[in-house]
Amino acid sequence: MPELVTPKRTDLAPEGERPRIKLFRFADTFPVQWHENKIGATHRPWWFYDVRDVSDWFNIFCISCLQPGQSEGFHSHLPENEGPYECWYLVYQGKGQIRTEFADYNVEKFDAAFMPPNASHQMRNNSDEPLWYATLSSRGGHPLRVDTYQLECSEARPGYMEEYERIMAVRRENGLPVP
């Protein structure tokens, strides 16, 4: 099993002082290109704001853009591998669809969706315009068991392919389209 990762806090003020904020500027970040994979993801950019070194509760805030027809991989954050990992999705611009094993939900500008631990999800752009959205991930103060952002590819997550196959089986049972 991978080593537990416990971030160091760098926002702590000297004794007797109030905590300081950490400002992240879009101009100081750069897009990370994630590759296409077997679980539905297409090649697309992500802008990451890594807050693991300054937050006890949050992990990553990221912004992404999906072009028409693109999607992120269909996945779950498995508690036995990633801890109690939950996230928010917020649409900034465009229209798309959040797919789960139970239903598909159309989303548009300023819609938000909460993904509890272990809930399957995929964001996809089923429109004819770019879809800009953000995710905010939290581990609820628990250390990460597997740092998925350090893995070579998303399919390297423990149990990932088995979870994908389980999700697709449930979607078929529920009469939902599968890739």
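A residue is called buried when its relative accessible area is under 20%, exposed when that area is over 50%, and partly exposed in between. In this predicted model, Asp104 has a relative accessibility of 25% and therefore counts as partly exposed.

Asp104 belongs to strand E6, which is part of an open sheet of three strands. The strand order is E6-E5-E8, and the pairing is antiparallel. Strand E6 (104-108) and strand E8 (122-124) form the edges, each pairing on one side only. On average, neighbouring strands of the sheet are turned by 25° against each other, direction ignored. Strand E5 (residues 95-99) is joined to E8 by three bridges. Arg99 has Gln122 in E8 as its bridge partner.

Five salt bridges are present in the structure. In one of them, the side chain of Asp104 meets that of Arg171, with an N to O distance of 2.8 Å. Arg171 lies in helix H2, 67 residues from Asp104, so this pair links distant parts of the chain. Arg171 counts as buried, at 0% relative accessibility.

A salt bridge also joins Arg166 and Glu101 (2.8 Å, N to O). Arg166 is located in helix H2 (residues 160-173) and Glu101 in the loop between E5 and E6, so the contact ties together parts that are 65 residues apart in sequence. Arg166 is partly exposed, with a relative accessible area of 35%, whereas Glu101 is buried at 6%.

Arg166 forms a salt bridge with Glu163 as well, the closest N and O atoms being 2.9 Å apart. These two residues are three residues apart in helix H2, and about one helical turn therefore separates them. Glu163 is buried, with a relative accessible area of 9%. Through shared partners, salt bridges join Glu101, Glu163 and Arg166 into one network.

How values were computed. Residues numbered from 1 in each chain as written. Predicted model: local features only at pLDDT ≥ 70, side-chain atom pairs only at ≥ 80, totals over all residues. Heavy atoms only, no water. Pairing = 2+ DSSP bridges. Helix = DSSP H or I, 4+ residues; strand = E, 2+ residues; numbered from the N terminus. Axes fitted to C-alpha atoms, helices over the stretch in contact; angles between N-to-C directions. Salt bridge = Lys/Arg side-chain N within 4 Å of Asp/Glu carboxyl O. Buried < 20%, exposed > 50% of the residue type's maximum accessible area, 1.4 Å probe, protein only.
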